[in-house]
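Dear colleague,

Please find below the structure that I am handing over to you. My notes on it follow directly after.

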Amino acid sequence: MDANQDGIGDIAGLRARIDHIHQLGVDAIWLNPTYPSPQGDHGYDVSDYFDVEPMFGSLEEFDRMIDDFHQRGIMVLMDIVPNHVSSQHEWFQSALTEGAGNPSEEHFIIRDGTGPGGVNPPNDWVSIFGGPSWSPFPSSGRHLQRWYLHMFDPCQPDLNWHHTDVHERFENILRFWLDRGVDGFRIDVAHGLFKAPGLPNRSGFGDNWSACWDQPEVHDIYRKWRKIVDEYESSRFLIGEIHTATRERLLEYLRADQLHAAFDFSFLHQDWSSDGFRDRIGANLDLWNDTGCLPVWTLSNHDEIRHWSRYAPLLADRSPDGQVANIRYRSLLALIMALPGRIFLYNGEELALPQADVPDEDRQDPAFFRQTPDSDYKGRDGCRVPMPWDANLPNAGFTNSEPWLPMPEEWHDYSVSIQHDDPNSMLNYYRSVIQRRRIEDWMKSDSIDEVESSSDILSFVKKTENKRVRVLMNFSDSDFPFDNDNTIMRTSDSDISDSFLRPGELAYIEI
Ligand code: NOJ
Ligand code: CA
């Protein structure tokens with residue numbers, strides 16, 4: 001929500017809409033980076049880790065926001081971005097301006113190029129956003145062209161984590177925000193930070209992973225971070241955005257003296273298949289078993305296509321009225337809410353927002369601009385179009401001026417103002433399922449059993465001391481007959497007494 005009408009959401013806007021978040025019933029919010037940033041990668045290019053981006057507000061406002069949330073019993077998680085800084089960060093600016101060999105250069109990964117005069121990058125690493133992960137760095141009269149490493153956009157130079165200044169700086173950053181009352185951090189690219197010694201070509205390894213990511217030194221850093229966080233209340237929390245080549249490598253981040261949790265991203269790429277969901281659930285339960293860290297389920301985030309659009313089109317031809325898509329979407333929430341662990345929702349999924357179709361000329365995501373002409377990848381703007389609040393206002397009440405990404409006209413129909421009082425709206429469905437999880441112990445329970453999939457039906461059993469509930473979900477295209485006695489909830493609005501599950505439908509059944 002944009003409070004000062006410059007087209008960009010801000011802290012005052014968030015505070016103005018805090019009731020929406022509160023009524024949703026969540027325990028915590030996670031904010032994408034709010035630090036001063038040129039917004040080259042929408043805040044993931046931080047120029048000062050000890051302040052708030054003026055466009056979003058001020059430190060004082062941030063403090064008031066924390067109080068507002070805490071008063072409502074909602075925790076606040078920040079994003080922390082340790083792999084790279086903004087090219088406007090004071091360290092990179094000093095490195096650029098102080099002349100070759102100055103100590104600030106040591107904070108980054110700067111190397112001589114290869115080939116005649118160093119015209120080629122030092123190695124063959126590629127940026128996650130496309131293209132080489134090296135850009136020219138001033139050579140200051142040296143013989144060879146120099147280059148600096150950026151695993152993302154050129155505006156995000158990677159830090160040199162072999163330098164103790166970097167360690168110290170990030171420890172101070174953690175303390176700075178923990179002292180202000182922040183409840184924890186989502187660690188951006190937590191598997192990044194260190195690179196393989198000698199920066200070997202990835203072609204030698206056959207992939208980008210073994211050389212550029214997930215180096216053993218990173219674990220000492222998280223051990224230190226965990227110690228810092230443990231100096232505060234036990235509810236303070238570190239969750240990593242972690243991608244590793246193998247499950248064994250992921251385990252290393254979740255040792256008892258490191259991070260509290262890691263996102264599971266598998267549902268973001270999971271086809272509509274009961275076997276697939278069963279396998280993903282099973283893998284996460286195993287990970288939990290091995291680490292003691294509860295799983296973290298998520299269906300959408302700021303980097304991926306909104307899950308309405310991922311799943312709904314699969315059935316569009318069979319369900320012209322969208323009803324089946326609607327049931328599927330409801331079932332997915334009911335599914336993850338019945339699993340043991342933590343659930344992260346992405347803003348707007350409670351309104352069933354689809355992926356927005358952003359015209360190319362309005363796109364902002366650096367990942368879009370680094371694609372080759374033959375690429376179909378459009379970047380991440382389509383999931384970042386702001387929330388529609390009020391159907392009667394321009395830009396659905398997000399802003400009076402031009403929103404930073406254009407809002408599709410039809411999004412007025414998704415507005416909170418319309419869904420708020422409609423008992424059948426997706427918003428009220430989300431509220432009721434979240435509320436149900438608060439009340440019903442079997443939903444929160446860590447005890448899960450009989451995770452099975454057969455004939456496109458996914459099922460598992462949740463238990464408390466005095467209740468056993470079977471969760472049944474129909475991934476097939478046909479009705480599935482089931483023994484409907486003791487149904488607690490089902491996700492279609494079909495007659496609760498019907499003794500078959502519709503396609504896409506889920507039921508909670510006491511057994
Ligand atoms: C992962 C974040 O989720 C994404 O939005 C960002 O572009 C990259 N890390 C780089 O910081
Ligand atoms: Ca604003």
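Are D2 and D10 buried or exposed? D2 is buried, and D10 is buried as well, where buried means under 20% relative accessible area, exposed means over 50%, and partly exposed lies in between (1.4 Å probe, protein chains only).

Two remarks on conventions come before the findings. This is a predicted model, in which local features need pLDDT of at least 70 and side-chain atom pairs count only at pLDDT 80 or more, while totals for chains, interfaces and linings use all residues. Residues are numbered from 1 along each chain as its sequence is written, chains are lettered from A and ligands numbered from 1 in the order in which they are written, and side-chain values use heavy atoms, with hydrogens and water left out.

The calcium site

D2 and D10 both belong to the set of residues that coordinate the calcium ion (ligand 2), together with N4, D6 and I8. The donor atoms are OD of D2, OD1 of N4, OD of D6, O of I8 and OD of D10, at 2.2 to 2.3 Å. Donors are N, O and S atoms within 2.8 Å of the metal (3.2 Å for Na, K and Ca); water is not among the atoms, so sites may look incomplete. Along the sequence, the donor residues of the calcium ion (ligand 2) follow the spacing D-x1-N-x1-D-x1-I-x1-D.

Ligand 1 and its surroundings

Ligand 1 is surrounded by 14 residues, of which D41, D188, H302, D303 and R380 are the closest; a residue counts as near a molecule or strand if one of its heavy atoms lies within 4 Å of it. An oxygen atom of ligand 1 lies 2.6 Å from a side-chain N or O atom of D41. The corresponding distance is 2.7 Å for the side chain of H302 and 2.9 Å for that of R186.

D79 is located in strand 2 (residues 75-80) and is buried, with a relative accessible area of 1%. Helices (H or I, at least four residues) and strands (E, at least two) are DSSP runs, numbered from the N terminus. Beyond its neighbours within four places in sequence, D79 is in contact with W30, L31, N32, P33, Y35, Y44, R186 and D188, contact meaning heavy atoms within 4.5 Å.

Helix 5

The 16 residues of helix 5 should span 22 Å at 1.5 Å a residue, and the end C-alpha atoms are 23 Å apart, which agrees; the expected span is 1.5 Å times one less than the number of residues. Buried in helix 5 are V166, H167, F170, E171, I173, L174, W177 and L178. Seen down the axis, these buried residues fall within an arc of 155°, so they line one face of helix 5; the arc is that of the directions from the helix axis to the C-beta atoms. They pack against helix 3 (59-71), strand 2, helix 4 (90-97), strand 6 (184-187) and helix 7 (218-230). The face turned away from the buried side of helix 5 carries the exposed residues T164 and D179. For T164, the relative accessible area is 54%. Just after helix 5, G181 takes a positive phi of about 105°.

Helix 9

Helix 9 (residues 274-291) has 18 residues, which should span 26 Å at 1.5 Å a residue; its end C-alpha atoms are 26 Å apart, in agreement. Its buried residues are S274, G276, F277, I281, N284, L285, L287, W288 and T291. They cover an arc of only 165° around the axis, which puts them on the same side of helix 9. Their packing partners are helix 8 (247-253), strand 9 (296-298), helix 10 (307-311), helix 12 (323-338), strand 11 (447-454) and strand 12 (457-464).

S135, in strand 4 (residues 134-137), is buried at a relative accessible area of 13%. Its side chain makes a polar contact of 2.8 Å with the side chain of H150.

R436 is found in helix 15 (residues 426-439) and counts as partly exposed, at 21% relative accessibility. Apart from neighbours within four places in sequence, R436 is in contact with M443, I488, M489 and Y508.

With kind regards

How values were computed: A polar contact is a pair of N or O atoms within 3.5 Å; within protein, one must be able to donate a hydrogen and the other to accept it, and residues adjacent in sequence count only if both atoms are side-chain atoms.
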